[in-house]
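Thank you for asking for comments on this model. My notes follow as numbered points, to be read with the structure open beside them.

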Amino acid sequence: MTRDLASRFPVGATVTAAALEDDPHPLLARLREREPVSWVPALGGWLVTSRDAALRVMRDASAFTVDDPRFSTARVLGPSMLSLDGPAHARHRGPFARSFRPAATRERFTAFVEAETARLVDALAPAGRAELRGELAGPLAVAVVAEALGLDGVDAAAVRSWYGTFVEAVSALTAGGDPPAEAERSRRLLAAAVEDAVAASRPGSPLAGAAGDGLSAAEVVADAAVLMFGGIDTTEGMIANAVLHLLGHPDQLRLVLDDRDLLPAAIEESLRLEPSASVVDRYAARDTELAGAPVRAGDLVRVSIAGAGRDPAVFPDPDRYDVRRPNAADHLAFARGPHYCFGSHLARLEAVTAVGALLDRLPGLRLDPSRPARPRGLVFRRPPRLDVVWDT
């Protein structure tokens, strides 16, 4: 079967994990044009690059499910809302999602995010240079998630090291390899921190609410781990990518500096061009046809969020960064369907606040020409480091 599919989908047969990790966009464009749902032997399944097909996969959990023992995040962090569908998914997701509705998010987190961002940026200001992933985006994301889940006293550097390991593990599994040995140790340390927070959680916290709604301690730990995973690594990448896009396009930066109301749109356009989580996995629950591709029950169906975001059928001139693009927010960076990211409102609040503070407080902010940066990563795409300089 694999040999027949490889001959039917010749572009997919040429795809390598290394190419997708380095610079996937030219390859994704060829796939989207010729094989919008393609069999990719290097990934062991189908790769979806058109937006329409991506939406179908993400919205129809009865046909394309996450509930499969091969699901990479579940193999690293254990079963959770991210790896369950149907009533089990709703039971896990509901107690947490209520705390992150738009109005509740603004009311609870705006002052905290603004104060934490100001503290971090003010500490950087005198130096005239910084590595923004490590010195702003990462620490801010950790602080906000710790606040959201009530993880008082958890060392931010330790948390980021755990999630660095998890990213490596998920990426290794996606590429067909084995996760690093330290992933299990990091998972145990994270579980212990979450268990302590559950035991000490204050009334009204998501952890207390989830435990009160009938989730077991192990289930709360797994769900909290997933929330931390999404809330830290992808938000850190979202902020880094947004800064990289803005500073890398001086004409677009000038538009935002002249009209700060364009900043949220600049964030959305960055999410479209380079989503920090570039793929999501599903497994076919039954035989079906997807954009002409003969998908069989059990097949891995990998949705390229990055590919869907540059679909020219939806986004004209798709490789251009345009802060005035009218439909930039139609990207799929936060997924769609039952697994839509309910933390999207908080992530947007963090990104807009962080980028705005950088532009307000660091005059002449620009990329460090001696340390060029660009996104990398098979699953999680962001610059390995983001060095900037400004006038002091």
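1. Nine of the 11 residues of helix H15 are buried, so H15 is largely enclosed by the rest of the structure. Please keep in mind throughout that this is a predicted model.

2. The buried residues of H15 are Leu 263, Ala 266, Ile 267, Glu 268, Glu 269, Ser 270, Leu 271, Arg 272 and Leu 273, and they pack against helix H4 (25-34), helix H13 (217-248), helix H14 (250-258) and H17.

3. How do H15 and H17 cross? The axes of H15 (residues 263-273) and H17 (residues 344-361) come within 10 Å and cross at roughly 115°, and the crossing is right-handed. On the H15 side the contact is made by Leu 263, Pro 264, Ile 267 and Glu 268, while H17 contributes Arg 348, Ala 351, Val 352, Val 355 and Gly 356. Sorted by class, this contact has six nonpolar, one polar and two charged residues.

4. Arg 272, one of the buried residues of H15, has its charged end over the ring of Phe 315, at 5.3 Å from the ring centre.

5. Turning to aromatic rings, a search of the whole structure finds four aromatic pairs. Among them is the edge-to-face pair of Phe 9 and Trp 46, with 5.3 Å from centre to centre and 90° between the planes. This pair links distant parts of the chain, since Phe 9 lies in the loop between helix H1 (2-8) and helix H2 (10-14), whereas Trp 46 lies in strand S2 (residues 45-48), 37 residues apart.

Terms used
Residues numbered from 1 in each chain as written. Predicted model: local features only at pLDDT ≥ 70, side-chain atom pairs only at ≥ 80, totals over all residues. Heavy atoms only, no water. Axes fitted to C-alpha atoms, helices over the stretch in contact; angles between N-to-C directions. Helix = DSSP H or I, 4+ residues; strand = E, 2+ residues; numbered from the N terminus. Left-handed = near helix turned anticlockwise from the far one by under 90°. Contact = heavy atoms within 4.5 Å. Nonpolar A, V, L, I, M, F, W, Y, C, P; charged D, E, K, R; others polar. Buried < 20%, exposed > 50% of the residue type's maximum accessible area, 1.4 Å probe, protein only. Phe/Tyr/Trp six-rings, centres within 6.5 Å; stacked < 30°, edge-to-face > 60°. Lys NZ or Arg CZ within 6 Å of the ring centre and 35° of its normal.
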